[in-house]
Amino acid sequence: MKRLITALFALALTVPMLAQYGRYPGRPVTTHTSYQTRVSDVYYGLRLGAAFSTVNSDDPRLDGGNTQTGLNVGVVAGFQLSPVSPVYLETGIYYTEKGGEGNYQNKKFTYGMNYLEVPLLLKYAIPIESRFTVQPYFGGYLACGVSGKIKDYGDRHAYSSFDDNAFRRFDGGLRIGCGAQYDIIYAEVAYEFGLANICDDTFDTSHNRCLYLNCGVNF
């Protein structure tokens, strides 16, 4: 909670400074060289929100079907693919807290898996009016686990989520979602389907699932 409050405070301080440079997919901007109106072809953004994750596993010791809530924060950049179409390629880097919660032999366990994640998304900006766009998108992601702990409440024991007989560090999958933007203010909802088997055991499989609710700015 302290991390979320700190990040929200930092974003609140950043928004006024970026407002004068506001730019987003589909927004007309003026070029000072030709004095003609064009569509913004590059944008940069900040993202902050919550990640609601689960892990589906064949291994009952790792099957975390109950949702864990974590922080999701990142920076992005988008590039228009064609000057005549509002289609953008967006990428960036996120710090995302995922995990799961469950019971094994009537003993509660929780685990967190914190990732650095790089998405690659195709986004279509639909102009609703001059200052508002809706932006559906789809694509994929790659992620690397950087930290996390498994907590066994029955045995009162904690160990690394990326230890032997737990989870692999590398993950990848698909992401679909939709954003909406008014002026520089941005919000989105997205869902990730982990396709990589993150279980360290050769005979079992585990996959991440995650719902994101983010807000931020584009400039």
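Start at Arg156, in the loop between β9 (149-152) and β10 (157-160). Strands here are DSSP runs of E, at least two residues, helices are runs of H or I, at least four residues, and both are numbered from the N terminus. Arg156 is exposed, with a relative accessible area of 76%. On that scale, buried means under 20%, exposed over 50%, and partly exposed in between, using a 1.4 Å probe and protein chains only. Phi of Arg156 is near 50°, a positive value in a non-glycine residue. Most residues other than glycine have a negative phi.

Before going on, the ground rules. This is a predicted model: local features need pLDDT of at least 70, side-chain atom pairs count only at pLDDT 80 or more, and totals for chains, interfaces and linings use all residues. Residues are numbered from 1 along each chain as its sequence is written, and side-chain values use heavy atoms, leaving out hydrogens and water.

Asp183 also has a positive phi, about 55°, and is not a glycine. Asp183 sits in the loop between β11 and β12 (185-194). At 18% relative accessibility, Asp183 counts as buried.

Now the overall picture. The protein chain has one helix and 13 strands. Of the 219 residues, 42% are buried. Take contacts, meaning heavy atoms within 4.5 Å. Among those between residues at least 6 apart in sequence, 63% join residues at least 24 apart.

On to the charges. How many salt bridges does a search of the whole structure find? Eight. The criterion is a side-chain nitrogen of Lys or Arg within 4 Å of a carboxyl oxygen of Asp or Glu.

Look at Glu192. Glu192 pairs with Lys98, with the closest N and O atoms 2.9 Å apart. Glu192 is in strand β12 and Lys98 in strand β5 (residues 85-104), so this bridge ties together parts 94 residues apart in sequence. Is Glu192 buried or exposed? Buried, at a relative accessible area of 1%. Lys98 is buried too, at 4%.

Glu192 also forms a salt bridge with Arg175, at 2.8 Å, N to O. Arg175 lies in strand β11, so this pair ties β12 to a part 17 residues away in sequence. Arg175 counts as buried, at 2% relative accessibility. Shared partners join Lys98, Glu117, Arg175 and Glu192 into one network.

Another bridge runs from Lys107 to Asp155, with the closest N and O atoms 3.3 Å apart. Lys107 is in strand β6 (residues 107-124), and Asp155 is in the loop between β9 and β10, 48 residues apart. Lys107 is partly exposed, at 32%.

Now a charge without a bridge. Asp171, in strand β11 (residues 170-182), is buried and has no salt bridge. Which side chain of opposite charge is nearest to Asp171? Lys98, 4.2 Å away. For charge, Lys and Arg count as positive and Asp and Glu as negative, while His and the chain ends are not counted. Beyond residues up to four places away in sequence, Asp171 touches residues including Tyr115, Leu142 and Asn208.

Last stop, strand β7 (residues 126-129), which holds Glu129. Glu129 is partly exposed, at 37%.
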